[in-house]
Amino acid sequence: ALHSTKDDESLMSYLVQNDPVALQVLHDRYHAMLKSIIIAVIHDETEADDVLQEVFIQLWTHAGNYSAAKGKAAGWLITLARRRAIDRLRQRHAYQMATERMEVASKPSNPQEMASAEHEIYNKNLHTQ
């Protein structure tokens with residue numbers, strides 16, 4: 001209860017001093033809002049929990065990057081959450097694209113291609129014997 005009445009900016013300065021209670025209070029205060037922001041971007045509950053955890057880890061490890069002069073802590077947290085969610089979306093998209101490319105590359109797109117591929121293999125085998 002020590003920190004629960006403190007404002008966000010004070011909590012951020014405690015965080016810089018590695019105070020886990022400050023992290024807990026900020027988590028209690030913002031996790032629901034941040035999660036809904038993340039879900040709005042990635043539309044996946046399980047992934048949203050992962051991203052949310054990443055946001056709070058980043059908050060813990062990079063609290064020193066926050067500057068009250070640049071705006072409210074809540075705004076900074078929202079920016080972190082949105083950025084992380086978009087990164088996750090890009091990763092997922094890149095993964096899907098790569099998977100699709102591999103699938104396309106691994107199977108001939110039409111019967112003619114398949115036949116000519118088999119023909120080439122057959123010809124190569126003829127010449128190597």
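Colleague: In which loop is the place of His 43?
Modeller: This is a predicted model, in which local features need pLDDT of at least 70 and side-chain atom pairs count only at pLDDT 80 or more, while totals for chains, interfaces and linings use all residues. Residues are numbered from 1 along each chain as its sequence is written, and side-chain values use heavy atoms, with hydrogens and water left out. Helices (DSSP runs of H or I, at least four residues) and strands (runs of E, at least two) are numbered from the N terminus, and His 43 has its place in the loop between α2 and α3.

Colleague: Is His 43 buried or exposed?
Modeller: The terms rest on relative accessible area with a 1.4 Å probe and protein chains only: buried means under 20%, exposed over 50%, and partly exposed in between. The relative accessible area of His 43 is 65%, and this residue therefore counts as exposed.

Colleague: What positive phi does His 43 have?
Modeller: Most residues other than glycine have a negative phi. His 43 is not a glycine, and yet its phi is positive, at about 50°.

Colleague: How many helices does the chain have?
Modeller: Read from the N terminus on, the elements run α-α-α-α-α. The secondary structure has zero strands, and the helices come to five.

Colleague: What share of the residues in the chain is buried?
Modeller: The chain has 129 residues. Of these, the buried ones make up 27%.

Colleague: Among contacts with a separation of 6 or more, what share comes from residues 24 or more positions apart?
Modeller: Contact means heavy atoms within 4.5 Å. When the contacts in the chain with a separation of 6 or more are taken together, residues 24 or more positions apart account for 56%.

Colleague: How do the axes of helix α3 and helix α4 cross, and at roughly what angle?
Modeller: Helix α3 covers residues 45-61 and helix α4 covers residues 73-106, and their axes come within 9 Å. Among the residues that make the contact are Val 51, Val 55 and Leu 59 of α3, together with Trp 76, Leu 80 and Arg 84 of α4. These helices are likewise oblique to each other, and the axes cross at roughly 130°.

Colleague: At roughly what angle do the axes of helix α2 and α4 cross?
Modeller: Tyr 30, Met 33 and Ile 37 are among the α2 residues in this contact, and they belong to a set that meets α4 residues including Ala 74, Ile 78 and Leu 89. The axes of helix α2, residues 20-42, and of α4 come within 9 Å and cross at roughly 35°.

Colleague: What relative accessible area does Leu 34 have?
Modeller: Leu 34 is found in helix α2. Leaving aside neighbours within four places in sequence, Leu 34 is in contact with Leu 52, Val 55, Phe 56, Leu 77, Ile 78 and Ala 81. Leu 34 is buried, and its relative accessible area is 0%.

Colleague: How far apart in space are Arg 90 and Ile 42, C-alpha to C-alpha?
Modeller: Arg 90 lies in helix α4 and counts as exposed at 56% relative accessibility. Arg 90 and Ile 42 are 48 residues apart in sequence, while their C-alpha atoms are apart in space by 9.9 Å.

Colleague: By what distance are the C-alpha atoms of Asp 7 and Leu 26 separated?
Modeller: Asp 7 has its place in the segment before α1, which spans 8-16, and at 42% relative accessibility it counts as partly exposed. Along the chain Asp 7 and Leu 26 are 19 residues apart, and the separation of their C-alpha atoms is 9.6 Å.

Key
Axes are lines fitted to C-alpha atoms, for helices over the stretch in contact, and angles run from 0 to 180 degrees between N-to-C directions. Angles under 35 degrees count as roughly parallel, over 145 as roughly antiparallel, 65 to 115 as roughly perpendicular and the rest as oblique.
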